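Please open the structure in your viewer and keep the selection tool at hand. The stops below say what to select next and what is there.

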Amino acid sequence: VLIGHWWEEKANSDAALKAFITNRVGDVGLIIGVILLFWTVGSFDILETNAAALDGSVGHSTLLIASCCLIAAVMSKSGQFILHTWLPDAMAGPTPVSALIHAATMVVAGIYLVARLYAVFFEGLSIGTSSVNLLAVVGAVTVIGGAGLAFVQDDIKKVLAYSTISQLGYMVMALGIGAWTAALFHLFTHAFFKACLFLGSGSVSHAVHSFDMRDMGGLRRWMPHTFKTFLIATAALIGLFPLAGFWSKDEILAGASQLGGAGNYWIFMAVGIIGALMTAVYMTRCVYLTFFGEYRGHGHPHESGPRIVVPLWILAILGVFAGLVNLPSALAPDSVELRFEHYYEPVGGYFPSIVPGFAHPEFSWGIAIVSTLIALLGIGFG
């Protein structure tokens, strides 16, 4: 209903139907997975299901099939390859809808599903001991594919939509390698700076009456507040120190290098670093085409009013400081270290932390420095 809000244009109605039908495909997987778990465990209760998965009362084959079925639901709802195609088209909806639902809230439901039923996936896909599994592969392909498609878009909201797909891929990949807290932490930080970027694109379109970056250019002179907030959110998305994206993305890369059977997920660390480079390039291109050079549009652009600018500043400030809620123990005193992890990660017989193979990645200076240099190199390329 929200995607097809401006239903007078057929393209918008088509986008709404596409989202509806694509999500129904994933729902089939969700229904089969839920039914399978119900008949095996005898309950719809999430804690009971997780506990049964961990104590051995559910067979490995059953958990594997249920996990694969539920991954179909993650693909459709969280825009993972191969059911990602509806999300860029969903940009037909109003920009606040894109900012809330297609950046921060609804599209992370698939990530949330895996996080809540993590014991099923952890045991079913042998995440703690393997070097590759379906969840990690789906996430990795989505990281690279989403970033690659963001390169070639001229519509500013489509760039951000493919960026969202790529960042959701990071979260799915993190869950696939066993970095549970890193995935949820990235979900948390990403919401702030991506919503800021979407609302910033709405502010720009409010001024130039277009989402096409070919009709923009040089807007930093007329729209200083929009420009500054967009730049801060872009830097957070790229993962520059010390903004929010740096801490959460770094934790995912550290997890890829350290988790699995003696650090077997190293190939996913390579994917994460390549994704970080691509993110820096396409976002630099986006900022450059929108805010630098000569103005290529019609009329006279102007800064948006306070109802548009004030939320931008709130989200930009959160994009700067949100990462500080999970500072690694190597860099922070005991009173403030890993607050997000202590508050958010479950403790009990229904969470895989009780089984061998589950671990937390340690902060790595090497990865932090390399990922920052890669981000700066990407900005240079852009």
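**A patch, a core and a glycine**

Begin by selecting Leu331, Trp365, Ile369, Leu373, Leu376 and Ile379, which together form a nonpolar patch on the surface with about 570 Å² of accessible area. Such patches are made of residues with over 30% relative accessible area and no salt bridge, nonpolar side chains (Val, Leu, Ile, Met, Phe, Trp, Tyr) being joined within 5 Å; a salt bridge is a side-chain nitrogen of Lys or Arg within 4 Å of a carboxyl oxygen of Asp or Glu, and accessible areas come from the Shrake-Rupley method with a 1.4 Å probe, for which only the protein chains shown count as cover for residues.

This is a predicted model, in which local features need pLDDT of at least 70 and side-chain atom pairs count only at pLDDT 80 or more, while totals for chains, interfaces and linings use all residues. Residues are numbered from 1 along each chain as its sequence is written, and side-chain values use heavy atoms, with hydrogens and water left out.

Stay with Ile379, which lies in helix α16 (residues 365-381), a helix being a DSSP run of H or I with at least four residues, numbered from the N terminus.

Next, select Tyr118, Phe121 and Leu175, which have the most contacts inside the largest nonpolar core, a set of 123 residues. A nonpolar core joins buried Ala, Val, Leu, Ile, Met, Phe, Trp, Tyr and Cys residues through side-chain atoms within 4.5 Å, where buried means under 20% relative accessible area. Helix α10 (residues 180-208) gives the largest share of this core, 15 residues.

Finally, select Gly200, which is also in helix α10 and counts as buried because its relative accessibility is 1%. Gly200 touches Thr226, Phe230 and Leu312, leaving aside residues up to four places away in sequence, where contact means heavy atoms within 4.5 Å.

Definitions and conventions
Buried means under 20% relative accessible area, exposed over 50%, partly exposed in between (1.4 Å probe, protein chains only). Helices (H or I, at least four residues) and strands (E, at least two) are DSSP runs, numbered from the N terminus. Patches are made of residues with over 30% relative accessible area and no salt bridge: like charges are joined within 9 Å, nonpolar side chains (Val, Leu, Ile, Met, Phe, Trp, Tyr) within 5 Å.
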